[in-house]
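Q: Could we go through the strand pairing in this one together? I'd like to keep the model open while we talk.

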Amino acid sequence: MITFGRLLKMMILSKWIFLLAVIKTSAGFSISSHSIFRSRKTTSTDTSTTGRFSTISNGEVSLTSTVKIIKNLHPFSPPTWLQELPLHSPTIPPFFDDKAQRRRILPSDLTITRVSLDPPVFLVKNFCPDEKNNALMKYALENNLEYSGTSAGDIVKQRVGSYTGWVYPPDKDEQDQMIGKENNNIAKNVAGYMTELSRMLFVPDFLKEAMDQSSEHESESYYSAEALQVVRYVIGGKYDVHHDGMNRFLTVLTYLNGVAGTWFPYAIVDNNNQQPDARDFEDLPNMSSGNAAHDKIPGKDGLLITNYCPYDSGVPEDNKVQTCTNNILKIEKGDAIVFYNYDWIENPNAEEDMPQTGPIINWRSIHSGMRTTEEKWIATNWFYFHE
């Protein structure tokens, strides 16, 4: 395994070195560039822009003349059909031409809309119907939710007022036992449904192809899905800016009761702003103390997911947003957001004992669960790659 210290040798620019160190300290996980995946050609039609610390060209960020961060069409990027979606244009998954097949597999009225360029973030309308949401919340309440912590063990400052449970999809033996009997484990079936739907729609093409071409034993070394995590936030609950980490390349976050409050402070939400901001790099050293994005404004900077329209009647004054722009996204009960947490690094001049390619954290995917003024329920599907 390539340690965090050795990975730093690949980071030439000091701002990038500090950034990765801060993220590791805050989120409590190690960063590794080790990968079993081979490099593949990447192309993109992105507009080229130049920033203070890096150059973006053809979907790549140049750290030096040879070290590059690949943003598009790499092993952990969205499937090609998602990657090619224009911003703010609701789309039905294209591979369900047969309406009867679509009705059997997908929720009614499911659409997918790209809402952020970097990190790639997508809104999935009607991802989880009402009866499924209710089953998950009921199951979690009946199975002893535990006070939430973090992988760094910091449950006081970073994450407060939330309670976590896990729902494991039924294994084959359980499924066999359910045949012909009343199903008392609806929530487990819902967890399995959400996991498989996420896998089908959102797992990158490269991983699907690798799984198809490998034996059952070999396929175990590519990626896995975690059990479905269900979290209940009480009034005042929050989760400060963090990265999902732990090799979780794909996050599918479902709003079970329609209460949101997720904020990506560094998301790029339109084609007019693809230039790295020097302040972004200087801001992140405060991340370990929970003060990242202290100069950013939810609803103005990045992407804010909320359940309030501007000036909704009955909404407390301090929760109202003043204007509706691309920086503000309204969700409803059963909607989900999908986002991707890793980019791909290429360093052809890497030291002999280090890989020339591998996954690297996309720092723009850091996000927060803002302090809530009402009870909030979410469910999260994570997919992670293996070392």
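Predicted model: local features only at pLDDT ≥ 70, side-chain atom pairs only at ≥ 80, totals over all residues.

Q: Let's start with β10. Is that strand mostly covered or mostly uncovered?
A: Strand β10, which spans residues 228-242, is mostly covered, with 11 of its 15 residues buried.

Q: Which way does β8 run relative to β10, and how many bridges join them?
A: The two run antiparallel, and 8 bridges join β10 to strand β8, which covers residues 159-167. As a point of reference in that pairing, Trp166 stands opposite Gln229 of β10.

Q: And what about β18, how many bridges there?
A: Strand β18, residues 367-369, pairs with β10 in the antiparallel sense over 2 bridges. One place to look is Tyr239, whose bridge partner in β18 is Gly369.

Q: OK, on to β19. How many bridges join it to β10?
A: There are 5 bridges between β10 and strand β19, the latter being residues 376-385, and the two run antiparallel.

Q: Which residues of β19 do Arg232 and Val230 stand opposite?
A: Arg232 stands opposite Trp377 in β19, while Val230 stands opposite Ala379 of that strand.

Q: How many bridges does β11 make with β19?
A: Strand β11, residues 248-255, is joined to β19 by 7 bridges, and the two run antiparallel. Within that pairing, Leu253 stands opposite Thr380.

Q: And β9, how many bridges for that one?
A: Strand β9, which takes in residues 223-225, is joined to β19 by 3 bridges, again with the two strands running antiparallel. Here Ser224 stands opposite Tyr384 of β19.

Q: Why would you call β19 largely enclosed?
A: Because 9 of the 10 residues of β19 are buried, the strand is largely enclosed by the rest of the structure. Buried here means under 20% relative accessible area, which is the cut-off that this reasoning rests on.

Q: Switching to helices: which residues of α8 are buried?
A: In helix α8, residues 205-213, the buried residues are Phe206, Leu207 and Ala210.

Q: Why say that those line one face of the helix?
A: Looking down the axis of α8, the buried residues fall within an arc of 95 degrees, and therefore they line one face of the helix.

Q: What covers those buried residues, then?
A: The elements that cover the buried residues of α8 include β9 and β11.

Terms used. Residues numbered from 1 in each chain as written. Heavy atoms only, no water. Buried < 20%, exposed > 50% of the residue type's maximum accessible area, 1.4 Å probe, protein only. Helix = DSSP H or I, 4+ residues; strand = E, 2+ residues; numbered from the N terminus. Pairing = 2+ DSSP bridges. Arc of directions from axis to C-beta. Contact = heavy atoms within 4.5 Å.
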